[in-house]
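The following questions and answers go through one protein structure. Each answer works towards a name or a value.

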Amino acid sequence: MAKFDEVVAANKQFASSFAKGGLPMPPARAVAILTCMDARLHPEQFCGLDFGDAHVIRNAGGRASDDAVRSLVISQRLLGTDEIIVIHHTDCGMLTFSNEQLVAKITKTSDPMPATGTSSPSQIWSKASSTMSTSCAAHPSSPTTSPSGEPSTTSNPEGSRR
Ligand SMILES: [Zn+2]
């Protein structure tokens with residue numbers, strides 16, 4: 001059985017007894033968690049979360065990438081979360097290679113791209129990795145007030161990258 005078919009079969013079984021489809025969209029515990037995509041991590045279990053409790057945003061390394069920050073902004077500004085928890089872990093696979101090693105692997109194993117102006121896989125990676133580590137506080141979408149509502153003295157209106 002193909003992996004896709006296995007997932008569809010498991011979902012059919014899960015959906016047959018799922019009874020929490022009416023939960024409100026805003027997370028009940030008003031928290032967003034940013035963590036790694038590592039398959040060994042099960043944030044809902046190790047954080048004691050149930051359906052509808054929290055937003056869990058995952059990527060390679062649990063990085064505050066532009067897309068992760070976008071999700072956190074939506075979580076906080078539109079869906080009522082008021083706390084962000086960043087969770088990293090031991091034995092993270094993202095510590096086992098450098099960007100240069102990954103680019104070399106992509107370049108070596110990828111088919112040549114057509115000459116249509118499309119970026120090659122290594123160019124796409126280089127562009128993405130240049131913005132991998134955005135500080136939440138420095139991101140242009142970050143609030144300019146502290147949690148207490150006072151104007152922040154540490155905000156960076158220029159949105160520099162760290
Ligand atoms: Zn990891």
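A residue counts as buried if 20 or more other C-beta atoms lie within 10 Å of its own, and as exposed if 12 or fewer do. The model is a predicted one.

Q: Which residues does the face of helix 3 turned away from its buried side carry that are exposed?
A: The buried residues of helix 3 are Ala68, Val69, Leu72 and Ser75. Seen down the helix axis, these buried residues fall within an arc of 120 degrees, so they line one face of helix 3. The face turned away from that buried side carries two exposed residues, Arg77 and Leu78.

Q: Against which strands do the buried residues of helix 3 pack?
A: Helix 3 lies across strand 1, strand 2 and strand 3, and its direction is at about 175 degrees to strand 2. Its buried residues pack against strand 1, strand 2 and strand 3.

Q: How many Å does helix 3 reach from its first C-alpha to its last?
A: Helix 3 has 13 residues, and at 1.5 Å a residue the expected value is 18 Å. The reach from first to last C-alpha is close to that, at 18 Å.

Q: What is the count of buried residues in helix 1?
A: Helix 1 covers residues 3–17, and its 15 residues should span 21 Å at 1.5 Å a residue; the end C-alpha atoms are 22 Å apart, which agrees. Helix 1 is hardly covered, and the count of buried residues in it is 0.

Q: Which strands stand at the edges of the sheet?
A: The open sheet has 3 strands in the order 2-1-3, with parallel pairing. Two of the strands each have a single partner strand, so one side of each is left without a neighbour in the sheet; these are strand 2 and strand 3.

Q: What is the average twist from one strand to the next?
A: The sheet is open, and the order of its strands is 2-1-3. From one strand to the next, the twist averages 20 degrees.

Q: Which residue of strand 2 is the bridge partner of Ile33?
A: Strand 1 (residues 31–36) and strand 2 run parallel and are joined by 6 bridges. Ile33 touches Pro43, Cys47, Ala54, Val56, Ile57, Ile85 and Ile87, leaving out residues up to four places away in sequence. In strand 2, the bridge partner of Ile33 is Val56.

Q: Which elements give two or more residues to the largest nonpolar core?
A: This core has 9 residues in all: Ala32, Ile33, Leu34, Ala54, Ile57, Ala64, Ala68, Val69 and Leu72. The elements that each give two or more residues to the core are strand 1, strand 2 and helix 3.

Q: Is Asp82 buried or exposed?
A: Asp82 is found in the loop between helix 3 (66–78) and strand 3 (83–87). Not counting residues up to four places away in sequence, Asp82 touches Ala30 and Gln76. Because Asp82 has 10 C-beta neighbours inside 10 Å, it counts as exposed.

Q: How many Å apart in space are Asp82 and Ala32?
A: In sequence, Asp82 and Ala32 are 50 residues apart. From C-alpha to C-alpha, their separation in space is 8.0 Å.

Q: What percentage of the residues of the protein count as buried?
A: The protein has 5 helices and 3 strands, in the pattern α-β-α-β-α-β-α-α along the sequence. Of its 162 residues, the part that counts as buried is 12%.

Terms used
Residues are numbered from 1 along each chain as its sequence is written. This is a predicted model: local features need pLDDT of at least 70, side-chain atom pairs count only at pLDDT 80 or more; totals for chains, interfaces and linings use all residues. Helices (H or I, at least four residues) and strands (E, at least two) are DSSP runs, numbered from the N terminus. The expected span of a helix is 1.5 Å times one less than its number of residues. Two residues are in contact if their C-beta atoms, placed from the backbone, lie within 7 Å. Two strands pair if DSSP finds at least two bridges between them. Axes are lines fitted to C-alpha atoms, for helices over the stretch in contact, and angles run from 0 to 180 degrees between N-to-C directions. A nonpolar core is a set of buried Ala, Val, Leu, Ile, Met, Phe, Trp, Tyr and Cys residues joined through C-beta atoms within 7 Å. The arc is that of the directions from the helix axis to the C-beta atoms.
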